[in-house]
Structures are given as structure tokens and as C-alpha cells.
Amino acid sequence: MSFELHREKFPCRISEVEIGAGVAGNGQRFLQVGGASTLPFLSFDGPSGHLPVIGMEVWDVVPELWPAPLENIFGPVAGDPVEWARHCAQEWGAEFICLRLRGADPELNDASPEACATLARDVLDATGVPLVVLGCGNDAKDNVVLQKVSETCAGRRCLIGPVTSDNYRTIAAAAMVNGHLVIAQSPVDVNMQKQICVLLNDLGVPQTQIVMDPTTGGLGYGLEYTYSVMERVRLAALQGESSLALPMIVFCGFEAWRAKEAKTGPTDGVVQGVAWEALTAGTLLQAGADMVVMLHPEATRVVREHVKALAGGEMTL
Amino acid sequence: MALTGLQIFKLLPKTNCRECGFATCLAFAMALAVGKTSLDDCPQASDEARETLGAAAEPPIRLVTVGQGEYAVELGGELVLFRHEKTFYHPTAVAIEVRDDLPEAELTERLHAVQALSFERVGITMRINSIAIRQTGSDSASFVKTVELVQANSPLPLTLVTQDPGAMRAALAIVGSKRPLLWGAAEANWREMTALAKEYGCPLVVTAGDLAGLSSLSEQVTGNGYKDIVLHVPAKAAGDVLRAATAIRRMAIKKRFRPFGFPVLASVGDNRDAYLAALTAATCIAKYASMIVLDTVDPAVVLPLLTLRQDIYTDPQKPIQVQAACYTIGNPGPDAPVLVTTNFSLTYFSVGNEIESSRVGAYLVTVDTDGTSVLTAWASGKFGPEQIAEALEKTAVGEKVKHRKVVIPGYVAVLSGRLAELSGWDVLVGPREAAALPGFLRSYTAN
Ligand code: B12
Ligand code: SF4
């Protein structure tokens, strides 16, 4: 049998999405994500799109019960989200910041929409990198908070959400009016992912302004399900399911550090929690993650380098 | 040329006995035609059918065994490209490399470290599968000596890494009856290596610098009558490793390209950054390596990798679950705490292990949630106040304790009120993550 490389050709391409307002001269950077017409990094099949981008997560409240490897690094800045975000962008190379507004939760600090919005704008101004803003998970509160964030950061092309099939109108409408993008979230389910994307399309949200969150599971804690759901979403998209032909975002730092093994493992030399986080990300990159949200600076660094190594190489197949 | 489903169907017994796991012979034939099952799964197939089906009956990727007995490990035998299409069957074997220039003391220390790399997770033991001994110089004496030492001090199957047929022969004289993996054969030495593999009945790694070379070398070795082979492309960059392994797997499964119908070995050892090496290894586990060779014994790297292997290789169709029951942990007395959780194995073991390490005796009631996690079960109505109240009732845990207080997972705090109403028990909301349970339980019993 003579050898001839088999190349896979897919009919559909993942839409290309731009985050951050790249207005020349204002110093604000922007990112392009998506655009793949192959499975991740399989450049021998065709154009594999923009490289996945690696960002870092910042919280508006000091996390309770933080494991030592995170406490040691963030302790000095955790009380000041703007400073924390500035460190991420300027010292640890975060390509974008993901601001998690946990403090908005009525059961936590019940932070006001105005305070949340001001914080988001301050983070944008202090870092100069694109911003993802997450609500607190309380639908009613998120509706007012994210609407206010949208208004205050108008025109900065932030990625805002999540929105779900049960709660999307208010947030998506506010995001569109103010020139942002939305995160379409589903609970580990291909059909439900499709449903929310279709609902957003019906509302008039263009494909270039949606990023999907098919839900992230941490290594050893649901990763096996979320990995396969993402893989199925990406395959369906490439094979022609256009409502799913969108980039995906994963929250690896948040999920990985919940694992007991991340919190309790050795913290000398190779830090087990960092490995846990990095491997969660590395694996989901293979399932099609386009935006990866990390926590620990070292995990962020190695995943960024790993992306380069995956894109590089000199072998001709 | 591959046969169609109908052609295969004609050769089957047509009894629809279901022993293959398919509802009908036709369904089985259709699956076989696209390589999603193997004729071995039909115990009723006639010898004639086996013969006629020939290559079509052969699994798309050969199953190759390394070592023997309790520690033997099977490589390959995969039928699909994506685990959601069915499942991945034979977890990536993990080998740890030792070099033959290691001083004896360091060598035994490393072997002990490998032996210690054994972890219980979800009730399953995860461990290393092989020791790969690498010849570093041209001196076969130190290679042979290392082989001797390793086999005397480790029960694991060996992988013998040398391109020198002389050194290989000398090592085989000692361990040849134990089915080590011979790594291996390349363009320059494949005849001698294949002869050795045949003589000792050992699996053989076949290496070439690119896929075309690998394809022709694979054909030469198999044409020579030897089929227990493992394919290896010595790529360095993570992207090359990924693309080579993907191309091989894809051509084996989708194109039935016979030269690539074998398991793949990936070496990821020579990266100086431990995290980056781990990331390359993780990529290999997800994408198509049947064996990887690591150059570390650091548990902080190995545990995450073995956990990832468990994730990728669980059957996506069946969540691993435990029986719904009342479990006794430690030596609980009549005042011991009662906790509830779901019967998803991962959840049960996460919680059970923490209770155990708290050294507080307790009763753990698992609710039948079809093996789903706390929030998944809650969101799908399988872990509501009704089901929990029923489980408390059914397991009669109330007869074992003289109080009526039950601890529920922190993530489902919302159901406390209704559960208290339904069950008549006082409901205490526990921490969200099980890791916080020991502290919680100690202060609980102190009151
Ligand atoms: C994997 C997963 C699935 C898998 C199922 C895996 C399984 N066997 O359960 C699949 C894909 C099938 C799935 C399905 C659904 N899922 Co789901 N799923 C997840 C995911 C990613 C991880 C869950 C997991 O495995 N966790 C690990 C285990 C160990 O966690 P755990 O059981 O909670 O246990 C921990 C703690 O609770 C605690 N604990 C446990 N017991 C006890 C007891 C006591 C006393 C104490 C103190 C502590 C304690 O200790 C453990 C370790 O810390 C989560 C999101 C996430 N990242 O967490 C969503 C998630 C749980 N799913 C969700 C939903 C909605 C669903 C669906 C209902 C969606 C749908 N279509 O219909 C379906 C249900 C399908 C069905 N009919 O059963 C939602 C729940 C939303 C909510 N807050 O209610 C989540 C949170 C995703 C989301 N953000 O929307 N899911
Ligand atoms: S085991 Fe064989 S005979 Fe029985 S149903 Fe399957 S294919 Fe038919």
C-alpha cells in the first residue's frame, strides 16, 4: 500500500470573533478568536484559525478558603481587583481579563450595579487588554448588573455573560445596544447549546458577537463529560451545524482549583494545583477551546507556551 | 477492499442472539463495516466467516500485549476516533524511563519512587505500567546490568530501549521470556530486530522519521511475518506529536490503511519544563497515544496525568456508580453524624474519603440518582427533598442513631426547608466542597 496522507475537509468554518475595541491610537488591544476550519491544531487539513487565547480571572471579592499556591501569589493584590487585573495583564501576560462579579450576589456582598460597572471600566482602563465580565449567577441580579456594565463600558467590545435559554433577553439586548459580545452558556448538552445560540440569533445577535460556554469540568471532576460535549459541538459545527459554528470559552482555573487534589497536593517544585489547572486547559484545547480562562500565573504561562508548541513544529506529514 | 455491511451480514449466523451487544446481526454487521466493533465480539461467527472476512474482520488497530501476568498491559485495539462515538478501550500505558548510566543507588531509588506512584481514585487503582530502560552508551554491559537490576526490583513489564541488536539480544537472554517491549526497529536494523522479536515473541516498536517512512517500514516488518508492532514517530514539538498520532489513527480507522493499524508510542521525556512535558503527555493521552514514556517520578505530574487517563478512558455511556445504600464509615456510635449524597462514584468517593480522613465515624446515605453528581441530579429532579427523605426512610438510618439531624451538601442548601418538612429531620447545610468536611465534622461533633 502506498502512503498518501488522508486529509479531512469540513464544509463549515467557525466564525471569527473580535473582542476588545481595537480603535487605533487609544492603546486598547483587541483579540481575534475562532476562524477554524479544522479540528484543533490539525493544520495539515486546512486553515486552523486563530490560536487560542489565554486570559486570567480576577474576582471582585477576596476568595474565602484560597489554597496556598493562589494565596501566596494573589494575597497582596486580592483586595484590589484593579491592581490584581493590572498584574495579570502586565506581569503575567494575560491576553485578556475575565472579571467575575461574585460580590454582586445578594447572598454575598450584594454589590450595586453601579459599583460593578465602575469596577469593570476601571479594569479596562488599567489593563488595556480586552475584558470578559461574568455575573454572579443570580439571574435577576445579573440582569441589572450586566446591563449597567454594558452601558458603562459602551463601545469597548467586552464579552459579557453568561446568558442561558432561561435568561438571555435583557443581557443580550443591552450588550448589542452597547456594542459588546455575549457568552451563550449551556449545561453540558449539545442540543441545549444549540438552543441558546438559535435564541440569540432570533433576537438579532450576529454570529460575530457570540462565544459559547458549553460548561467546563475540572480534571477528574466532570472533564470527561465536558471534553466530549465540546468535541461534539465542534464536530457538528464543522460538519455544517451553523448555529454552533462559534468559538468556545472555558474556565479552567476556576474549575481546576476546586479539586481537592489541586488544593492538597505538593506545593514545592512542581505545584500539583498548577499542573491540575494546566492539564485541564491542555485537554480542553484538544476539544476546541478558543478562549481559556486561567487563574495561576505559572499555569497561564505554560499553557500559552504549549499553544505555541502545538501550533509549531517542523514535520511535514 | 473493505466489505459493506450487507456483505458482512450474509456471513453472520443471523440469529440475533445479542451476545455481541447489538440488537441484531444486521446492526452488528453495519458497525463492523465502519470499524466500530470487531468480529471477536460475535462468539457465534463461523470459522468460514472469519476467513472470508479476512482483513475486514481484523480490528482496525491491533491489540498488542506487553509483559505478562498481573502487570501485563494491552495497547491499541481502539475502534473509534472520538470517545463519544463509543468509548476508548485500552488506557494509554504510562512508562517511566531509566537510563543505564544511573548509579545503582539512584536506580533503586527511582524504582521505589515508581512503585510508590500508585493512587486510589473512584475506587480504582491507577499506576505506572512499564519501566523503559534506555541504553545511553555503546557499552552493552551496563545496559544488561541495568536490565537485571530493574527486573529484580520491579514487577512491571519492561521496555528495552536500544537500537543495537547485540545489546538487545544480550538483554533478551535475561528477560526474553517476559514479553518486554523492544524499542526498537528502524530503517538500519529492522531485519535483526524483527528476527529477535520473532524469536522471543516480544512486541516491537518500529520507528521512522516521518509518516511515509513509517508506513513502508511497518509494511516491511509485517511483510516479514511479524505483526506485534507498535508505531513511533520521534517528533519533538507537541504539534508534531499530535498531528502524527492523529494522522495514523485516522488512516487506520477511516481508511483501514493496514500499515498504520497498530498502537502508537509517544515519547515526551525531553522537555526541560516539567509542566510543558506534562502538557505534551496530556495531549498524547487525549489524542491517540497507546503508550507514553515519561522522564519524571514526581507525583505532582504523574497523578494529574493518570487522572486524565482515567477521565478519557471511562465509558461515556455509563457513569460509574455505587449502590444506593447507607454506608458505615469508621465506627459510628448513636450520636454519629448522618450525611447524604448521590450514588455517582466520584461524588461518593470524594465524600467518603473525606469523612474517613476526618476520623469521625459517620453514616453516609447515598440516594439513587442514576450515578449523577449533586448539582446534575438536583437540576434533573433526582436529588430533591422527596428522594432524600425517601432514602432516609428506606435505609432506616434513623434506627442506628438516636438523633434526627442530617447533613446535606452545601450546593443544595435551598432544599433544606422542604426536606425538613418532608422527613421530620433537622437539616444541617454542610460545606460545598467535600474537602472542607473534616473541619466541619470535627466542629460538628465537638458541639
Ligand atoms: C459532568 C456534568 C454533567 C454530566 C453528568 C455527570 C454525572 N455523572 O453526574 C452530564 C453531561 C450527563 C450532565 C447532565 C446534566 N447537567 Co450537568 N454538569 C456536569 C458538571 C460539568 C460537573 C459535575 C461533576 O461531575 N462534579 C463533580 C462531583 C464530584 O461533584 P458533586 O457531586 O457536586 O460533589 C462535590 C460536592 O457537592 C461535595 N459533596 C457531595 N456530596 C456531599 C455531601 C455532603 C454532606 C457535603 C457536605 C458535601 C458533598 O463534595 C464533592 C466534591 O467536592 C457540572 C458543572 C461543573 N463544572 O461542576 C454540570 C452541572 C452540575 N449540570 C447542570 C445541569 C443543569 C445538567 C442537566 C440537568 C442539563 C440538562 N440537560 O438537562 C443534565 C441532567 C441530565 C440528567 N437527566 O441526568 C448544571 C446544574 C445547574 C444548577 N446549579 O442547578 C451544572 C452546574 C452546569 C451549569 N453551570 O449549568 N451534567
Ligand atoms: S453475537 Fe453474532 S450472532 Fe449474535 S446477534 Fe451478534 S452478530 Fe448476531
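In which strand of chain B is the place of G184(B)? G184(B) belongs to strand β8 of that chain. The views below show a predicted model.

**View 1. The cis peptide bond at G184(B).** The peptide bond running from W183(B) to G184(B) is cis, and its omega is near -10°. Most peptide bonds are trans. G184(B) is also in contact with N189(B).

**View 2. N189(B) in a loop of chain B.** N189(B) sits in the loop that links β8 (181–185) to α7 (190–200) in chain B. With a relative accessibility of 5%, N189(B) counts as buried, because buried means under 20% relative accessible area. When its neighbours within four places in sequence are left aside, N189(B) contacts Q163(B), P165(B) and G184(B).

**View 3. The cis peptide bond at P162(A).** Between G161(A) and P162(A) the peptide bond is cis, with omega near 0°. P162(A) is part of strand β6 of chain A, which covers residues 159–163.

**View 4. R359(B), a residue with positive phi.** R359(B) is not a glycine, yet its phi is positive, at about 65°. Most residues other than glycine have a negative phi. The loop between α12 (345–358) and β15 (362–367) of chain B holds R359(B). R359(B) counts as exposed, its relative accessibility being 78%.

**View 5. D370(B), a residue with positive phi.** D370(B), which is not a glycine, has a positive phi of about 60°. In chain B, D370(B) is located in the loop between β15 and α13 (374–379). Its relative accessible area is 43%, and D370(B) is therefore partly exposed.

**View 6. I97(A) in the largest nonpolar core.** The largest nonpolar core contains 186 residues, and I97(A), L200(A) and L160(B) have the most contacts inside it. Helix α9 of chain B (residues 238–254) gives the largest share of this core, 10 residues. Not counting residues up to four places away in sequence, I97(A) touches several residues of chain A, including M56(A), V58(A), A85(A), C88(A) and A89(A). Also among the residues touched by I97(A) are V123(A), T127(A), V129(A), P130(A), L131(A) and V132(A).

View 7. Chain A has 11 helices and 10 strands. Buried residues make up 61% of its 317 residues.

Note on methods. Residues are numbered from 1 along each chain as its sequence is written. Chains are lettered from A and ligands numbered from 1 in the order in which they are written. This is a predicted model: local features need pLDDT of at least 70, side-chain atom pairs count only at pLDDT 80 or more; totals for chains, interfaces and linings use all residues. Side-chain values use heavy atoms; hydrogens and water are left out. Helices (H or I, at least four residues) and strands (E, at least two) are DSSP runs, numbered from the N terminus. Buried means under 20% relative accessible area, exposed over 50%, partly exposed in between (1.4 Å probe, protein chains only). A nonpolar core is a set of buried Ala, Val, Leu, Ile, Met, Phe, Trp, Tyr and Cys residues joined through side-chain atoms within 4.5 Å. Contact means heavy atoms within 4.5 Å.
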